[in-house]
Amino acid sequence: MSVDGGGTPVLRRVLQALRDSAAALAFAVCLVLLWHAVVAARLVSPVFLPAPARVFDELCVQIRDASLLEPLAATTWRMALGWALASAVGIALGGLVGASRSARTYLSPMLEFMRPLPASAIIPVAVLFLGLSDRMSIAVIAFGSIWPVLLATVQGFASTEAQLIELASALCMRPAAVLRKIVLPGAVPDIMAGMRVSLAIALILAVVTEMQASQIGLGQNILLAQRSYRSAELYAGILVLGVLGFVLNQGLALVEARLLRWRAAPG
Amino acid sequence: MTRVQTVQTQPAAVSVCGVSLAYGTGVQRRTILAQMSFEVAAGEFLCLVGPSGCGKTTLLRVLAGLARPDAGQVLVDGVAISGPSRDRAIVFQDYSRALLPWRTVAGNVALGLEGAHGGDAARAIEARVAELLQTMSLAHVARHYPRQLSGGMQQRVQIARCLAQAPRLLLMDEPFGALDALTRQSLQDEVARLARAEGKTVVFITHDLEEAIYLGDRVIALAANPGRIEAEVAVEIPRPRHQLETREDARFLALRHQLFGLLAGH
Ligand SMILES: Nc1ncnc2c1ncn2[C@@H]1O[C@H](COP(=O)(O)OP(=O)(O)O)[C@@H](O)[C@H]1O
Ligand SMILES: [Mg+2]
């Protein structure tokens with residue numbers, strides 16, 4: 001019950017976190033060493049798999065001459081816009097479907113029909129309407145990544161604690177206040193979980209759409225590098241995508257921890 | 001300037017007139033409350049005791065305006081109620097599901113004040129919350145979240161939130177049923193003291209006969225299937241009461257015998 005339990009538990013938590021990071025780092029280093037050994041032993045041709053040092057050099061060059069910046073910014077920007085759109089529409093629509101039985105009757109079957117459609121299948125339609133533009137990419141990213149956040153929001157809204165709804169009526173709360181003070185905060189854990197899955201899908205689709213539409217971006221860089229057998233560049237691109245996904249996910253995890261600190265509060 | 005209501009208002013007087021309520025349809029239809037009538041005087045502490053499933057919670061929801069009876073009505077100060085009112089606060093049985101887990105203790109208590117005041121009420125709310133936390137001995141956990149608290153403390157938070165509403169009628173649904181004996185006793189004394197000090201009419205539900213006699217000015221015993229009034233006794237034991245002496249008092253024991261026979265009897 002004590003939050004003010006002194007520095008010991010905090011210190012222990014920090015030490016534990018450090019130990020965990022060290023373990024994860026050690027594993028990553030082992031993988032790179034293994035990669036190096038495979039290349040050094042000539043088990044795979046360097047045309048397909050260059051040494052990690054060469055990939056690292058390539059990355060350094062791209063960072064130094066700033067040629068990494070434009071594709072990185074372009075991919076991140078499209079992904080972020082598509083994901084933001086998916087989240088906004090997904091939460092609004094999911095809230096409507098989750099909170100209202102009649103909305104569920106009208107919308108659910110159509111949503112169930114559209115959900116399994118592979119987002120890549122609608123790229124041609126999007127190109128038809130929007131051309132090979134950023135708007136096309138953003139639309140496809142939004143369409144493909146909306147489902148996890150939408151379904152999670154439906155779930156979150158529909159599972160509001162009945163006792164709290166009763167409490168709201170006892171307090172004569174207005175519908176808007178019930179939504180803001182009870183239903184929405186109760187759905188936040190589900191919504192955040194959905195947004196994290198959506199984020200991963202948004203990144204995938206950002207790469208896929210720019211490969212298909214030849215737009216500047218990390219995905220296109222990778223495709224071009226592959227076509228001209230510049231393998232160091234190819235792997236550097238993949239590495240950057242990995243780091244991007246990791247950083248975004250960690251950032252979202254931080255936001256989530258902040259929003260849900262009531263759940264993590266020490267017992 | 002907005003002021004949070006701290007003025008003492010007159011406690012409410014309640015009349016329950018021929019209230020009936022059934023759940024289900026067709027062959028499933030079951031009468032839960034059958035033609036129930038009783039009065040609660042202004043400022044009275046009325047205890048309702050009855051076996052589990054006899055309709056105690058349903059009756060309390062009717063009093064709160066959360067459930068509508070099929071027949072009969074509830075009058076508060078002579079006026080028929082048509083729904084919930086901030087004038088009637090309810091302490092739910094299951095405290096673990098009746099607090100907002102994402103709000104601190106102070107935030108949960110503030111919920112009882114929000115919406116009742118317009119404009120620059122924030123500061124007034126803060127002051128009143130601090131006062132209530134003090135009253136309920138919760139000041140030291142003001143910034144804790146409900147799940148960090150024991151059951152007894154959580155129930156204190158619910159009571160504080162109800163007091164924040166400044167209700168004239170306090171409805172309590174087996175509030176201490178899940179607590180350990182010591183915690184239960186100290187909360188009993190606290191609620192008895194508060195009800196008197198703040199001048200509330202209280203309808204207190206319990207399945208614990210001794211608790212009903214200890215707390216009540218009057219005890220109504222309910223029978224099940226369908227829920228109806230079985231007996232009604234006045235408790236003529238002066239206040240303040242004491243956990244040891246009162247429970248050993250001859251009048252206490254006599255009432256216990258009388259009601260025990262009625263409830264467990266047939
Ligand atoms: N919403 C409901 N729908 C159908 N039956 C209900 C409902 N609420 C309560 N009941 C039934 O009414 C009876 C009385 O319930 P309740 O008032 O909770 O009793 P108590 O609080 O005395 O234990 C129980 O048999 C219960 O199953
Ligand atoms: Mg009950």
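This briefing looks at the surroundings of a ligand and at one helix in another chain. The model is predicted, so local features need pLDDT of at least 70, side-chain atom pairs count only at pLDDT 80 or more, and totals for chains, interfaces and linings use all residues. Residues are numbered from 1 along each chain as its sequence is written, chains are lettered from A and ligands numbered from 1 in written order, and side-chain values use heavy atoms, leaving out hydrogens and water.

**Around ligand 1**

- The shell around ligand 1 includes B:Tyr23, B:Pro51, B:Cys54 and B:Thr57; a residue is near if one of its heavy atoms lies within 4 Å.
- This shell divides into four nonpolar, five polar and two charged residues, with Gly counted as polar, Tyr, Cys and Pro as nonpolar, and Lys and Arg as charged.

**Polar contacts of ligand 1**

- A polar contact is a pair of N or O atoms within 3.5 Å.
- Oxygen atoms of ligand 1 lie 3.2 Å from a polar side-chain atom of B:Arg30, 3.1 Å from a polar backbone atom of B:Gly55 and 2.9 Å from one of B:Lys56.
- Alone, ligand 1 exposes 560 Å², and the protein buries 59% of that (Shrake-Rupley method, 1.4 Å probe).
- Strand E2 (30–40) and helix H1 (56–64) of chain B each give two or more residues to the shell (DSSP runs: helices H or I of at least four residues, strands E of at least two).
- H1(B) gives the most, with three residues.

**Helix H9 of chain A**

- Helix H9 (residues 218–227) of chain A has buried residues including A:Leu218, A:Ile222 and A:Leu223; buried means under 20% relative accessible area (1.4 Å probe, protein chains only).
- The buried residues of H9(A) pack against helices H3 (69–99), H8 (175–213) and H10 (231–259) of chain A, where contact means heavy atoms within 4.5 Å.
- Just after H9(A), A:Tyr229 takes a positive phi of about 55°.

Key: A polar contact is a pair of N or O atoms within 3.5 Å; within protein, one must be able to donate a hydrogen and the other to accept it, and residues adjacent in sequence count only if both atoms are side-chain atoms. Buried means under 20% relative accessible area, exposed over 50%, partly exposed in between (1.4 Å probe, protein chains only).
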